[in-house]
Amino acid sequence: MLKVMKRPHVPAFLLSILAIVLPLAAQDRGYWNAASSNARAITGDVTINDAKIIISLLNFPIAQIRALKPEEISAAFDAESGGAGNLYRLSIPAAQRFLHHNTLCGTEQTEWMATYVERKTLHLAFFSGSNPPVFTFDALSKSQDLCGTFSFTH
């Protein structure tokens, strides 16, 4: 007698959650065209993948730390609900020059990057400081570590 193995049953709601969450986790990956005046003047176009960010044809390793909560995205990017974002750890030396001899964080090393993707727009915020940024309106308004925000399009 031939025995038929049954596949485990995955509830439909779990599949629907995965279908939403998995694409959101990777939304910031890919090649992005500089859109904001800051991006055009400092970084130029950027590429983000699982292991690095490429800024002005220079590679910098990144490590995804965690997803940002909706209220953190709102505080960091003055954004309405919708979209997804992540916090990354990176290390870009203070002496590193980009377009027009600009730096990301002045005389400080760039150590954190927050991303937020809304439709076909990527927003980046770079931070100095050894401690992770605190993503509340109050903390960000008083932060000495927020270096700048940049916008990109697909």
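Arg-66 is partly exposed, with a relative accessible area of 30%; buried means under 20% relative accessible area, exposed over 50%, and partly exposed in between, with a 1.4 Å probe and protein chains only. This is a predicted model, in which local features need pLDDT of at least 70 and side-chain atom pairs count only at pLDDT 80 or more, while totals for chains, interfaces and linings use all residues. Residues are numbered from 1 along each chain as its sequence is written, and side-chain values use heavy atoms, with hydrogens and water left out.

The side chain of Arg-66 meets that of Glu-72 in a salt bridge of 2.8 Å, N to O. A salt bridge is a side-chain nitrogen of Lys or Arg within 4 Å of a carboxyl oxygen of Asp or Glu. Side chains of opposite charge can pair when their charged atoms come close. Glu-72 counts as buried, at 10% relative accessibility. Leaving aside neighbours within four places in sequence, Glu-72 is in contact with Arg-66, Ala-67 and Phe-135, where contact means heavy atoms within 4.5 Å.

Glu-72 lies in helix 3. Helices (H or I, at least four residues) and strands (E, at least two) are DSSP runs, numbered from the N terminus. The strands form the next part of the picture. Eight of them make a closed barrel in the order 1-2-3-4-5-6-7-8, with antiparallel pairing; two strands pair if DSSP finds at least two bridges between them. From one strand to the next, the twist averages 35 degrees. Helix 3 (residues 70-77) packs on the sheet and touches strand 4 (58-67), strand 5 (84-92), strand 6 (110-118) and strand 7, and its direction makes about 105 degrees with that of strand 6. Axes are lines fitted to C-alpha atoms, for helices over the stretch in contact, and angles run from 0 to 180 degrees between N-to-C directions.

Strand 7 (residues 121-127) and strand 8 (residues 146-153) pair in the antiparallel sense over seven bridges. Leu-124 stands opposite Phe-150 in strand 8.

The count of salt bridges comes to six. One of them joins the side chains of Glu-111 and Arg-89 at 2.8 Å, N to O. Glu-111 lies in strand 6 and Arg-89 in strand 5, so this pair ties together parts that are 22 residues apart in sequence. Glu-111 counts as buried at 14% relative accessibility, and Arg-89 as partly exposed at 29%.

Another salt bridge links Lys-142 and Asp-138 at 3.3 Å, N to O. Both residues lie in helix 4 (residues 137-142), four residues apart, about one turn of the helix. Lys-142 is exposed at 58% relative accessibility.
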